[in-house]
Amino acid sequence: MTFMTPVRIMAAALSIAAAYGCSSQPKPPTAAAPAHAGGIDLAGMDRSTAPGDDFFTFTNGTWFKTTEIPPDRSTAGTWTVLSDLAQQRTRELIENIAKPGAATSPDERRIADYFTSYMDEPAIETKALEPIKPFLASIAAIGDRRGVSSWACGEIRADVDALNATNFATDRLFGVWISPALDDPTSYVPYLLQGGLGMPDRDYYVDASADMQKIREAYRSHIAATLRLAGIANPDEVGGRVFALETKIANVHATRTESGDVQHANNPWPRAEFATRAPGIDWTACFDAAGLAQVPRLIVWHPAAVTGISALVGQEPVSVWREYLTYHAIDRYAALLPKAFADESFAFYGKTLSGLEAQRPRWKRAVDATSNALGDLVGQLYVRRYFPAESKQQLQVMVKNLVAAFDTRVGSLDWMDPKTKASARAKLGTLQVGLGYPNKWRDYSSLEIKSGDALMNAWRAERFTYLQNLAKLGRPVERSEWAMTPQTVNALNLPILNGLNFPAAILEPPFFDASASVAANYGSIGAIIGHEISHSFDDQGSQFDASGQLRNWWTPADFAHFKETSAKLVQQYNAYVPMADLHVNGQLTLSENIADLAGLAAAFDAYRQARTAPPPAAAATFTSDQEFFISFGQSWRSKLREPLMRQLILTDGHAPDRFRAATVRNLDAWYDAFGVKAGQKQYLAPPDRVRVW
Ligand SMILES: [Zn+2]
């Protein structure tokens, strides 16, 4: 469970980098000191709006009015400021190493060669389709279903993550995720997930709305255009068949909501039984090609889809599978083929699917690609330069205080059974909190990166990541493992490991500032830490015990009470109407709203405990309680393009940021801090304020 959903440009697997916008505030927040008071941006507020009427506008109104979303982005806000900062820093680190003669170690050489090869557009143009010709030739030689199985499974990568980063989409026939087993968290197992679609979700293929129909037409044209560029004969007809096959795959896919239901995901299948449980694919050939020939069992996350996809391999003509595999082999690497391919890819994945107006400059794509492909190598440089030990120490204290605040809150619940409480507190006691970066870095010495070989560098890096994941099988579980790179702006709860990741790139102003006030830091990063802790105990987290085993440790009565309380929160969010024809889906966003609420409440307690400085002088602009809440409101500063807003309201587990800022309505302390009174728009009568923990 993440803190927020990265806005992705889904395209070729190569460009899954988060596409947060560059913001209209080019200066990093640290440079904007004069406008800040102890960590708060005074200039961005709209103090003519009463905090009790619209807290988001009170804290962010002037910023919202004056900010424009850049053409190559679909959002602007606090997150984009930080993403830009991380990207700028990563760029400097990479470019410095890429200067002639600057790389001194083999790992630095890898970074330099990956980046410069990606940037070398003339060489990419000259090579044209040369780098993927061996792939296309080997697909053309496929003569039977065994060949289809072998090729398709040979391209499986560890590119999905069902529980941590919750990424369910892959354009490869299946996705593999290596993680501790749901029924035995002491050993790793491969999870097999549905895949095979070029668009983000099955709904894009089957939803009857006019908007989706338009997107489907654009996708069909995109397939044909890509094939045409590659010189494939009869691209429109071939493209039509590829699209029809994908639609059949989409029809056997689980929905996004079903994918999130872990109770239906724990389906261990012995490897030897795939042939009878899911006939069609030659599973021996498949597992051989995927490097899984030795595993005794896999957990099949999407059993109906795996069966359905396998049946399609058995039924659909081999010639159509060849066309499908050919298209995806080209589309997947469009970013590293000549410009015409990259532009075509952007026209569909960037413009149509994400509403972008302009493509990001090459350097940004190259920085993100390098940073993804060589995550830990770039990450090490990043933290060495930008994550001081003092930051880590200060945050460790905050985490300790947040955990203590949570423990106290859980301990004082009058409705919770002592047994449930004891399990909850045991979970807090074994929580693994990663701050900044992992304890152990990945070893890249077996990865070959060649100068001037951009496309194959990408291919080898993906395969390297896959093999590194396979190598975990049979080894003891690494409980402090990370599932995000340090240069990522996000935060993560890892349910099976009972762990949290807070990458260095989010531990930055305005979320965290070693020189800001205690109130501002707890209102911002404190609430984020609290949010992630809460996920360990919500409707999802309550299904995993302290050891990470899938086991519900709530008593039925406790769970019923929890459901009842959360129903009030569902209603509260259902009442928000961000677009004339759309209200927020209180049920879809429930877990995240609970996490926001519980995180804010625990952060407030922890801040009160940690507050050591005397209260600010009477002349101060705000009291420290006010500062805490304003800092929280400002952490939700964001602006989105309308198509993206619509898409997220329909599919994202997080509520729109404006309403996440309104979480404050449920805390009595907010009413006290700002003198919020009945009759004001965001006022809630005390019985309507939701308290989860
Ligand atoms: Zn979350």
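Visitor: Which residue of β10 does Asn-493 stand opposite?
Guide: In this predicted model, Asn-493 stands opposite Leu-500, which belongs to β10.

Visitor: And how many bridges join β9 to β10?
Guide: Three bridges join β9 to β10, which covers residues 499-503, and the two strands run antiparallel.

Visitor: OK, what order do the strands of that sheet come in?
Guide: The order is β8-β10-β9, with three strands forming an open sheet whose pairing is mixed. The edges are β8, at 432-436, and β9, at 492-494, each of which pairs on one side only. On average, and with direction ignored, neighbouring strands of this sheet are turned by 15° against each other.

Visitor: Is the peptide bond from Pro-509 to Pro-510 cis or trans?
Guide: The bond from Pro-509 to Pro-510 is cis, and its omega is near 5°.

Visitor: Now α21 itself: at what angle do α21 and α23 pack?
Guide: Helix α21, residues 518-535, packs with helix α23, residues 590-610, at an angle of about 135°, and their axes are 6 Å apart. The two helices are therefore oblique to each other, and their crossing is right-handed.

Visitor: Which residues of α21 and α23 make the contact?
Guide: On the α21 side they include Tyr-522, Gly-526, Ala-527, Gly-530 and His-531, while α23 contributes, among others, Ile-594, Ala-595, Ala-598, Gly-599, Leu-600 and Ala-603.

Visitor: Zooming out, how many helices and strands are in the chain?
Guide: The chain has 27 helices and 11 strands.

Visitor: What radius of gyration does the chain have, and what would a compact globule have?
Guide: The chain has a radius of gyration of 25 Å, and this agrees with the value near 26 Å that a compact globule would have with 693 residues. Along its principal axes, the C-alpha trace spans about 80 × 55 × 50 Å.

Notes
Residues numbered from 1 in each chain as written. Predicted model: local features only at pLDDT ≥ 70, side-chain atom pairs only at ≥ 80, totals over all residues. Heavy atoms only, no water. Axes fitted to C-alpha atoms, helices over the stretch in contact; angles between N-to-C directions. Helix = DSSP H or I, 4+ residues; strand = E, 2+ residues; numbered from the N terminus. Parallel < 35°, antiparallel > 145°, perpendicular 65-115°, else oblique. Left-handed = near helix turned anticlockwise from the far one by under 90°. Contact = heavy atoms within 4.5 Å. Pairing = 2+ DSSP bridges. Rg over C-alpha atoms; globule rule 2.2 N^0.38 Å.
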